Amino acid sequence: MDKTPQSITNWAGWRFARPDEKLPGGNVTPDPIHKNVNHLRDIYYRVDPDYSGRFTVPTLYDVKQGRIVSNESDCEKSSDIIRMFYTEFDDILPEKYKTVDLFPQHLRMDIEGVNDWTYNDINNGVYKTGFAQTQDAYEKAIQPLFASLDLTEAHLAEHAAPYYFGEHITEADVRLFTTIIRFDPVYVQHFKCNIRDVRSGYPALHKWLRHLYWDVPAFGATTEFEHIKKHYTKSHKQINPASITPIGPVPDILPKDQEVPAATAALRSTNQ
């Protein structure tokens with residue numbers, strides 16, 4: 001990240017940390033580029049004083065041109081940023097990083113196919129479920145969400161070795177991880193996605209998740225559960241008016257060698 005330094009905003013309104021604040025997580029700092037900028041929205045207005053859209057993350061800012069390169073919040077548009085990093089900076093990267101390919105030619109059709117329903121039913125499915133305004137809308141959203149989680153579980157149970165498409169990490173792992181790492185700590189209770197949780201209901205998905213989190217620094221080191229939980233529970237007043245952040249689950253993610261009792265019993269039953 002030394003080629004593209006990052007600054008993590010506070011969970012409250014995409015606010016940059018103050019110099020005197022000590023917040024959890026790495027790179028939770030004041031804006032290192034713009035002095036006297038407190039909120040992400042301030043950067044939008046510096047770029048375009050007449051801007052009238054949404055202020056969203058992730059935001060990729062070009063320091064040479066002084067403009068926002070990509071600022072969409074949903075997973076479909078965030079994929080633009082993901083793919084931009086595949087090749088756009090190759091001329092300034094060490095050779096070993098130029099060979100990293102999360103979208104290999106021989107898997108592109110498979111990845112694109114998975115991306116389509118993973119985004120619609122899982123990445124976006126938790127939001128369609130959580131922000132549903134009627135019982136009917138909620139039930140229509142939660143069914144395809146869990147049907148797709150079931151499909152993902154079946155795929156990983158048969159094919160994960162140990163990643164989604166085999167021995168190497170691909171874009172499919174990256175895009176699925178961002179939702180699954182939040183699922184038990186936030187989506188189960190906050191968005192009412194509670195037919196099953198990952199740790200007791202999806203053993204293959206749970207194994208895949210923990211391998212990425214504990215064994216691949218790029219995943220674990222960029223996950224901050226306090227930010228995740230407080231952003232959702234303290235910014236969605238229509239869902240959680242009192243802004244109370246639940247303590248559980250404890251721990252936020254289990255060690256690789258530990259299972260919840262329900263999962264242990266299920267595995268024991270399967271192996272008998």
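Tyrosine 44 counts as buried, with a relative accessibility of 2% (buried means under 20% relative accessible area, exposed over 50%, and partly exposed in between, with a 1.4 Å probe and protein chains only). The model is a predicted one, so local features need pLDDT of at least 70 and side-chain atom pairs pLDDT 80 or more, while totals for chains, interfaces and linings use all residues. Residues are numbered from 1 along each chain as its sequence is written, and side-chain values use heavy atoms, with hydrogens and water left out.

In total, the structure holds 19 aromatic pairs. Ring pairs also tie Tyr127, Phe131, Phe146, Phe183, Tyr187, Phe191 and Tyr232 into a cluster.

Phe183 turns up again in the largest nonpolar core, a set of 42 residues in which Leu149, Ile180, Phe183, Leu205 and Trp208 have the most contacts. Such a core is made of buried Ala, Val, Leu, Ile, Met, Phe, Trp, Tyr and Cys residues joined through side-chain atoms within 4.5 Å. Two or more residues each come from α4 (108-123), α6 (135-159), α7, α9 and α11 (225-235), and α7 gives the most, with 9. Helices (H or I, at least four residues) and strands (E, at least two) are DSSP runs numbered from the N terminus.

Ile180 also lines the largest cavity, together with residues including Asp184, Arg199, His206 and Asp252. About 70 Å³ of space lies inside. On a 1 Å grid over the protein atoms alone, a cavity is a set of points where a 1.4 Å probe fits but cannot get out, and lining residues have an atom within 4 Å of a point; grid points are joined across faces, edges and corners, and the volume is the space filled by probe spheres set on them. Again α7 gives the most to the lining, with 4 residues.

Cis peptide bonds join valine 57 to proline 58 and glycine 248 to proline 249.

Key. On a 1 Å grid over the protein atoms alone, a cavity is a set of points where a 1.4 Å probe fits but cannot get out, and a pocket is an open set with protein on both sides within 12 Å along at least five of seven lines; lining residues have an atom within 4 Å of a point. Rings of Phe, Tyr and Trp (its six-membered ring) pair if their centres lie within 6.5 Å; planes under 30 degrees apart count as stacked, over 60 as edge-to-face and the rest as tilted.
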